[in-house]
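Please read the following report alongside the sequence and the coordinates.

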Amino acid sequence: MTPAGSLLTADGLRKVYGPTTALDGADFSIHPGEVVAVMGPSGSGKSTLLHCLAGIVRPDAGEITYNGQRLTGMNDAALSALRRSEFGFVFQFGQLVPELTCLENVALPLRLNGAKRKDAERTALTWMERLEVDDVRDKRPGQASGGQGQRVAVARALVTSPRVLFADEPTGALDSLNGERVMELLTDAARSTNAAVVLVTHETRVAAYSDREIVVRDGKSRDMERLV
Amino acid sequence: MSTTRTKPAPPVGTDPRPGPTGPTGARAWLRDLGMGIRFAVGGGREGWVRTILTAVGVGLGVALLLGAASVPDLLANRDDRSIARTPAAAMSGKQTQRGDSTLLVVDTRTDYRDSEISGLMMRADGDHPALPPGVGTMPEAGEMLISPALRDLMNSSGGKLLKERFADYRITGTIGDAGLMSPKELFYYLGSDSLSKADGAHRVASFGFDQPAEPLDPLLVVLVVLICVVLLTPVLIFIGTAVRFGGDRRDQRLAALRLVGADRRAVRRIAAGEALFGALLGLVLGAVFFLGARQLIGVVDIWKVSAFPSDMTPLPGLAVLIMLAVPVSSVLVTLISLRAVAIEPLGVVRSTTARKRRLWWRLLLPAAGLLILLSQDQVTRTGGEDVEVYTIAAGATLTLVGLATLMPWLVEAAVARLRGGPVPWQLATRRLQLSSGTAARAVSGITVAVAGAVALQMLFASMHSEFNTTTDQDPRRAQLNVHSPRASGALAQRMIDDFRAVQGVKGVNGRVSSYVVKPGKLKSTDDMRPTTELSVGSCATLRELARVGSCKDGDAFVVHSGDRELDKWVDQTARPGQKVDLNSESWGDFEVKARGKHAPWTLPKSTRTISSRPDPVGDHYYGIYVTPGAIDVAKLADASTEALVQTDPKVPDAEEYVRNAATHIDPLIDVYTIRMIERDKQYASVQKGLQAGAIATMLLIAASMLVSTLEQLRERKRLLAALTAFGTRRSSMAWSVLWQTAVPVVLGLGLAITGGLALGVVMCRMVEKPVSDWLVFLPLCAAGAALVAVVTLLSLPALWRMMRPDGLRTE
Amino acid sequence: MVCIVLRMSIGHTLLGLLESGPRHGYDLKRAFDEKFGHDKPLHYGQVYSTMSRLLKNGLVEVDGIEAGEGPERKRYAITEAGITDVQRWLATPEKPEPYLQSTLYTKVVLALLTHRDAADILDTQRAEHLRLMRILTDRKRKGDLADQLICDHALFHLEADLRWLELTSARLGKLAKEVLPG
């Protein structure tokens, strides 16, 4: 049951890691330009849901459809290519390459897609300006603050103009002020490019930046919109 | 990774009890070292992995050092046994009176494919002959004693022909270890009842002799010192790296200790304790590895090197030195490596703005080394003084060690300028820009080994090529020279007949030959007495050497080669109707005293002069040629029977068939392959040894590079998983791992080859030899490439594992 | 706290208690005190006035009267209209405002007692909270610093409520064991 106009949908996802069932029949759908918060207690399977949706992890059962294509039928190379070109990612920490400068980090996805260094860095810089981190362009991630680092990560996630941005606890390592600034810039940027955002978080104030909320409990998802 | 922290948090609260930093001095040292050891043991799986890595690394190094420390003893023992079995007369030249214990001995040796087999033929004069060591009873006529390795070779599937060669002899026993230089030595004793002095035998009363202590050849000393430096410096560097294995994780653990109140010095001492434990365990492992290798070297033989385990005994002094130096240096290396790191309670702070490495003092070492070498006079084998030898060794050592110290600067300077390039390249170079120290240190080991190997090989190559150019014989033709000290026409004929029948023989030319001179007084004492070769052989043999026309037994000929100078020289002696002297020694020369009786013989008047044609080997014969009917072979003094055999290179083992045929005729016949085998073999083994050493070093270094690569991958599990998430191809990451290894290795090899060539040129100049081979480094480059490939390939499984999305799961 | 419970939803609570079967007035009081009264028991007068209001609205009916005088002698039963009213009350999220927990708690316990889906109540409430938070967040983004500070204050309170909701969701099983006999 794919809701009309959805960009990315998942149906009846199951995923078992050894003895633990991470997902047990989870559903999901998101429209272009929509920000959907995925909430739920720790260990409820929300990160696993994000990993499945993004084609990082293969579900044991269930279907994922992105833009009419079945993700579950794709091979690793096709999934990687999809992630490179259509998806963007922001994680809680440890995602920036410590040796590269912030600018080079932001340019990295473009370069992985085969862009020339100059072109990639030019585009990267506009995104850094947009996320107000152009002042750390030549610094290494270790020399930037946590909030700056996360914004660099957001810029990197958006630099390829992805159609879906996956953000897994993007503010998890930040204080509330920095966290909110990151969320504001992230959602503004995503809305301006009509990118859908899958936002995994356990902070309600972060979730408040979303349009809609999904709660994952014991591996099952619940669309809160339908309750109200 | 490097984190920037402003200040360490002040300790919270005060503990009334004395904290962990209470005592000072030796007691603090002891306590903290002990604590470090406890961490090394009790650090859980992680701690053990680190300790074991260090211990194995140090152990390998220690085993090599112990091996090196055993070499002097090993060589001395081999020499001792070699001397002990040498017939006593062979070295003194004195006559031994025949007695109950005396015996006649003669060297008989043979080659089998690429193995040399040495042996003695013995005949007892009395009932109680002296015996060489390792021999229980004198072999009777037709009996043979052989070494175990020779027995194995003869019984192996590849030894059939060798067995046939000695089919006339009954193997009655085995030579004991005391009579062998190494367990894999091929050696035999033959018994005889007909051996006589005429066969070239010596009479001896005993085996072994007192050898006067001979000073080492100065050139050899230089070589030995260099080889030690080349092979052992990387081992030391490797031990240094092994002690640092897992350092990053350890630093984080230590930071936790700082949080509970350990001070900076205490933390360093604890780290030293951990390293010390790893090193001590390494010593134990090293001893185990060494003992294992010691047993192994008696069984296997790699590159023709084998030794009795009992010979492999490290010099006690050196062993003690190793046992002390390794733990002490492990502590020192740890303390030095911690200098650049501040372990604070909240984490590890690496000095991110590391001091730029300075070039000048690094250049000082190799420059000083080369200058010392250039300022030395050429070393001649006889005139070298000890002082010079050590100066040269010091110069070479300085150069090599200097190259190693140059390495970190070179890597830093080279990668600092690298910008852009494809993503994997960028990742690799950036990584190296941030921390090139580890890679550079590991590679500097390669640098020393390769530079040394290049220089030494150049030296050996030029010495070798000089041997090549001074020899008249052309080694390109597979050719056997069969020689018997007995002069006999019948023997010559038998050789010709038997060898012709041998599989794979294309041509045989057999004759008895000697040198004859023109008798009488010379015009001036400075003149050379006209001499020419006189050969006795059949008309059939002659036809192969010259255009004869008619020939019957009793004829004699003068053979001209077509070279006018040579022909004139021949004609001075060979004058038909005039006398020649068949005992050339009876006339002496301007330097040589005359010896023995004259043996005049008249060259018949009817002697014709004919011109030669190429013999089976392609040479032109010139001199006097006499058929057996015209001369009594017995009158020829110092004659020998000789056959030149040309074999078909396409028939494998043709040479072995000839040797077998020869041994069946007479075991004392010497079959000599004109190929300069001795020198070729010696050179090849030196070259092989050097390359093997350099490659073994590279393997060690590869191991340490692999460990640090794996460590680094493990540390970046999360980052790698994140990179996978946004679609990074595995191949991109694999390439970055490859470049990260390749860049320092290529730089190191480049430096090593440049430095090695420079050192080689200087050393060739010192021994006054031209450089003959500039490309000796090519195999080492190939080995370097293989090293990069191996390290990359072996880290791929870990990389794949790290690139799985599991790394993203933080819960 | 209890006073708020009284003001807000005592009628619904008593109705809910009747769903499991007809009860006397004093039974109702005892059940209420036990489950929701904490350390402040309900007055008889409050029970009496509430029940007469419910009677008047046709949400309860008198099932029987025991001998003697006074409202405590009457046995009340819930009507169809009463059940619908409880259902509606439970399903409607409370307007997010301070000191909501008591009402929510009452709702959750009643839902458990009447074998309704308590998690649903919490999730509905959660969605309502988040809806308000979105509005506040939006206002904050567009407004000036004063707006931001005021909105943040509200947001922090709502966040605290939401945390309580989440915690309660996670502990529903345990709570059910405590409130349900057997």
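## A residue in helix α21 of chain B

Arg801(B) has its place in helix α21 of chain B, residues 778-802, where helices (H or I, at least four residues) and strands (E, at least two) are DSSP runs numbered from the N terminus. With 14 other C-beta atoms within 10 Å, Arg801(B) counts as partly exposed; a residue is buried if 20 or more other C-beta atoms lie within 10 Å of its own, exposed if 12 or fewer, and partly exposed in between, the C-beta atoms being placed from the backbone. Although Arg801(B) and Leu713(B) are 88 residues apart in sequence, their C-alpha atoms are 9.8 Å apart in space.

## Basis of the model

This is a predicted model, in which local features need pLDDT of at least 70 and side-chain atom pairs count only at pLDDT 80 or more, whereas totals for chains, interfaces and linings use all residues. Residues are numbered from 1 along each chain as its sequence is written, while chains are lettered from A and ligands numbered from 1 in the order in which they are written.

## Chains A and B

Chain B has 21 helices and 18 strands, and 43% of its 811 residues count as buried. Chain A comes to 7 helices and 10 strands, with buried residues making up 57% of its 228 residues. Two residues are taken to be in contact if their C-beta atoms, placed from the backbone, lie within 7 Å. Among contacts with a separation of 6 or more, residues 24 or more positions apart account for 84% in chain B; for chain A, the share joining residues at least 24 apart is 69%.

Helix α9 of chain B (residues 316-337) has 22 residues and should span 32 Å at 1.5 Å a residue, which agrees with the 31 Å between its end C-alpha atoms; the expected span is 1.5 Å times one less than the number of residues. Buried residues in α9(B) include Ile322(B), Val326(B), Pro327(B) and Val331(B).

## Nonpolar cores

A nonpolar core is a set of buried Ala, Val, Leu, Ile, Met, Phe, Trp, Tyr and Cys residues joined through C-beta atoms within 7 Å. The largest has 235 residues, of which Val38(A), Val198(A), Val450(B) and Val454(B) touch the most other members. Helix α13 of chain B (residues 437-470) gives this core its largest share, 17 residues. Neighbours within four places in sequence aside, Val198(A) is in contact with residues including Ile30(A), Val38(A), Leu50(A) and Phe166(A).

## Interfaces of chain A

Chain A places 29 residues in contact with 26 residues of chain B. On the chain A side, α1 (46-53), α2 (76-86), β6 (87-90) and α3 (102-112) each give two or more residues, and α3(A) provides the largest share, 5 residues. That side divides into 12 nonpolar, 11 polar and 6 charged residues, with Ala, Val, Leu, Ile, Met, Phe, Trp, Tyr, Cys and Pro counted as nonpolar, Asp, Glu, Lys and Arg as charged, and the others, Gly among them, as polar.

## Confidence

The predictor gives the complex an ipTM of 0.84 and a pTM of 0.66. Over residues 1-8 of chain C, however, the pLDDT is below 50. Where pLDDT is low, the predicted coordinates should not be read in detail.

Technical notes:
pLDDT = per-residue confidence, 0-100.
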